[in-house]
Amino acid sequence: MTLAASLTGAGVERLALSRFTTLGVGGEAEVWTVGDHAQLSEAMSAPYRILGGGSNLVISDAGLSERVIRLGGAFASTDLTAGPESNPERFVSGWVGGGVPLPGLLRKLRTLGFSGLEGTVGVPAQVGGAVWMNAGTRFGEMFDGLYQLEIATPEGVRQLSPSELPWGYRDSAIPRNHIVTRVRLALKRSTPQAVSAKMEEADSARKGQPKMKTPGCAFKNPGGVSAGRLIDEAGLKGCQIGQAMISPQHANFIVNLGGASAEEVHALLTLIRQRVGVKLELEYELWP
Ligand code: FAD
Ligand code: EPU
């Protein structure tokens, strides 16, 4: 359903969020699709949440009262021309939008032979969401390929160098609801073959992950120990509540067998926390 037009021409529609999440769960909200800073600023003038690739979210079946902002237009375009800071060893890109899907970007970098982000292969995020939580694997993370960030905040837009922030395991210290609108990348000039080999190595660590509707790993690894192993050792693989199930393949993945509700996922998370004897920190977000 299309709602009244925004003053700046942002797309405003009431939509089911399940279509935007990899879990396939989520009720309705007012979705603002913005293509430039004027539209983004208008969208940020009332309570909002920023949605990326929806690959780390469990959204309530009742939907959300806040606006949900999606990045389109200029924030979903990719400029891979070499910036003036490039040299024979290093490629520094133009601006890459926060709304650009990461998998497609990585395919382009592989073709061009630019190395640095191979460790993020298989992360089904948008660039902005992946930067916000410094997504990655033991083979590398988003921080490894960043040169400059542009962030929209309620106080205005600022550009900064990644070295101005502390970065950690699944953490960037960018405050919640500060929006990564664009980034510039700094990558090593390599060859398509070498980049491809590194991606294959990182991707091979995913062989045990389920190819089903899921928001990825439920919990961060506590102190470097695999949360999946701990949940597995607690005997919870295959445990099912309604249509939500702890994957029999990898115990840190909750999968939607078809028609699962957010409540069913929450119930499995509670069960895991009760049964695993180690304090587990949630990796994905529960909205609200
Ligand atoms: P969303 O899920 O849309 O949002 C997550 C958070 O990011 C929210 O707080 C949201 O507000 C915020 N956000 C989104 N976009 C922006 C933006 N532009 N600016 C500021 N904040 C923003 N993660 C890993 O780290 N490593 C993995 O190996 C990995 N494997 C996965 C495999 C599968 C099959 C799946 C489904 C997920 C996996 N994940 C992995 C989890 C997920 O992909 C990451 O957490 C990713 O960073 C989420 O990005 P997103 O764009 O989908 O964000
Ligand atoms: N294991 C089990 N049982 C399970 C799952 C795992 O015994 O059910 C064991 C494995 O056999 C292995 C060890 O635990 O010996 C580690 O497992 P795996 O290699 O699958 O890695 P992980 O630590 O469980 C991490 C990331 C993933 C990332 C993979 C591959 C976290 C929370 N998880 O998983 O990231 O894709 O490595 O690089 O850091 C995500 O963050 O959403 C995510 C999927």
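I started with a side-chain pair: Arg 184 makes a polar contact with the side chain of Glu 85, at 2.8 Å. This is a predicted model, and I read it as such.

I placed Arg 184 in strand S12.

Is Arg 184 buried or exposed? I found a relative accessible area of 9%. Arg 184 counts as buried because that value is under the 20% cut-off.

I looked up what surrounds Arg 184, setting aside neighbours within four places in sequence. The contacts include Gly 83, Pro 84 and Glu 85. Val 92, Ser 93, Gly 94 and Trp 95 are also among them.

Next, the backbone. Most residues other than glycine have a negative phi, and most peptide bonds are trans. I noted exceptions.

Asn 134 has a positive phi, near 50 degrees. I located Asn 134 in the loop between helix H3 (127-132) and strand S8 (136-137). Its relative accessible area is 0%, so I logged Asn 134 as buried.

Arg 170 also has a positive phi, near 55 degrees. I found Arg 170 in the loop between strand S11 (156-160) and strand S12 (179-189).

Which peptide bond is cis? I noted the one from Trp 287 to Pro 288, with omega near -20 degrees. Pro 288 lies in the segment after strand S16 (285-287).

Technical notes:
Residues are numbered from 1 along each chain as its sequence is written. Chains are lettered from A and ligands numbered from 1 in the order in which they are written. This is a predicted model: local features need pLDDT of at least 70, side-chain atom pairs count only at pLDDT 80 or more; totals for chains, interfaces and linings use all residues. Side-chain values use heavy atoms; hydrogens and water are left out. Helices (H or I, at least four residues) and strands (E, at least two) are DSSP runs, numbered from the N terminus. Buried means under 20% relative accessible area, exposed over 50%, partly exposed in between (1.4 Å probe, protein chains only). A polar contact is a pair of N or O atoms within 3.5 Å; within protein, one must be able to donate a hydrogen and the other to accept it, and residues adjacent in sequence count only if both atoms are side-chain atoms. Contact means heavy atoms within 4.5 Å.
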